[in-house]
Amino acid sequence: MKTILNVIWLVLSGFWLFLGYLAAGVLLCITIIGIPFGIAAFRIGVYALWPFGHTVVDRRDAGGASLVGNVLWVILAGWWLALGHVFTGIALCVTIIGIPLGFANFKMIPVSLMPFGKEIVPTDQPFATR
């Protein structure tokens with residue numbers, strides 16, 4: 001089931017969301033200070049490309065630096081990427097087949113707003129830390 005949902009996701013919205021995260025990552029990697037933000041955009045972009053079968057968990061070792069990173073992220077890229085998920089989710093919820101895909105878009109909004117201090121893991125090991 002995950003594979004079928006991922007293929008439908010890829011065709012309807014995953015590829016376009018991945019391109020948005022890729023563009024944000026490239027723009028953020030222009031400066032040395034922006035490289036951690038660009039890496040976060042690439043990490044979420046891969047998750048946005050193939051989301052079913054993965055989940056987001058909080059990292060236990062996240063500290064104050066992740067809070068500062070999240071505040072800067074919301075200002076630099078998070079707000080616009082989250083809006084992309086909102087609009088894509090609403091568009092997908094118009095059809096019956098698209099409702100699970102729309103909910104997956106809504107599920108990605110918190111990680112697109114605050115990616116630092118989070119980890120993307122397979123759903124069969126949601127409490128594993130690397």
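Colleague: Hi! Which residues does Ser112 touch, leaving out those up to four places away in sequence?

Modeller: Ser112 touches Tyr21, Ile44, Trp73, Gly78, Leu81, Ala82 and His85. Touching, or contact, means heavy atoms within 4.5 Å. Before we go on: this is a predicted model, where local features need pLDDT of at least 70, side-chain atom pairs count only at pLDDT 80 or more, and totals for chains, interfaces and linings use all residues. Residues are numbered from 1 along each chain as its sequence is written, and side-chain values use heavy atoms, with hydrogens and water left out.

Colleague: Thanks. Where does Ser112 lie, and is Ser112 buried or exposed?

Modeller: Ser112 lies in helix α5. Ser112 is buried, and its relative accessible area is 0%. Buried means under 20% relative accessible area, exposed means over 50%, and partly exposed is in between, using a 1.4 Å probe and protein chains only. As for the names, helices (H or I, at least four residues) and strands (E, at least two) are DSSP runs numbered from the N terminus.

Colleague: Switching to α1: what span does that helix have between its end C-alpha atoms?

Modeller: Helix α1, residues 2-28, spans only 32 Å, whereas a straight helix of 27 residues would span 39 Å at 1.5 Å a residue. The expected span is 1.5 Å times one less than the number of residues.

Colleague: And where is the kink in α1 centred?

Modeller: On Leu10, with a kink of about 65 degrees. The bend at a residue is the angle between axes fitted to the seven residues ending there and the seven starting there.

Colleague: What covers the buried residues of α1?

Modeller: The cover includes α2 (35-49), α3 (64-92), α4 (99-107) and α5 (109-113). Among the buried residues of α1 are Trp9, Ser13, Leu17, Phe18 and Tyr21.

Colleague: At what angle do α2 and α3 pack?

Modeller: About 75 degrees, with their axes 11 Å apart. Axes are lines fitted to C-alpha atoms, for helices over the stretch in contact, and angles run from 0 to 180 degrees between N-to-C directions. The two helices are therefore roughly perpendicular, since angles of 65 to 115 degrees count that way, under 35 as roughly parallel, over 145 as roughly antiparallel and the rest as oblique.

Colleague: Moving on to rings: how many aromatic pairs does a search of the whole structure find?

Modeller: Five. Phe15 and Trp16 form an edge-to-face pair, 5.3 Å centre to centre with 75 degrees between the planes. Phe103 and Phe106 form a tilted pair, at 6.5 Å and 55 degrees. Rings of Phe, Tyr and Trp (its six-membered ring) pair if their centres lie within 6.5 Å; planes under 30 degrees apart count as stacked, over 60 as edge-to-face and the rest as tilted.

Colleague: How many residues apart are Phe103 and Phe106?

Modeller: Three, about one turn of helix α4, where both lie. Phe103 is exposed at 52%, while Phe106 is partly exposed at 29%.
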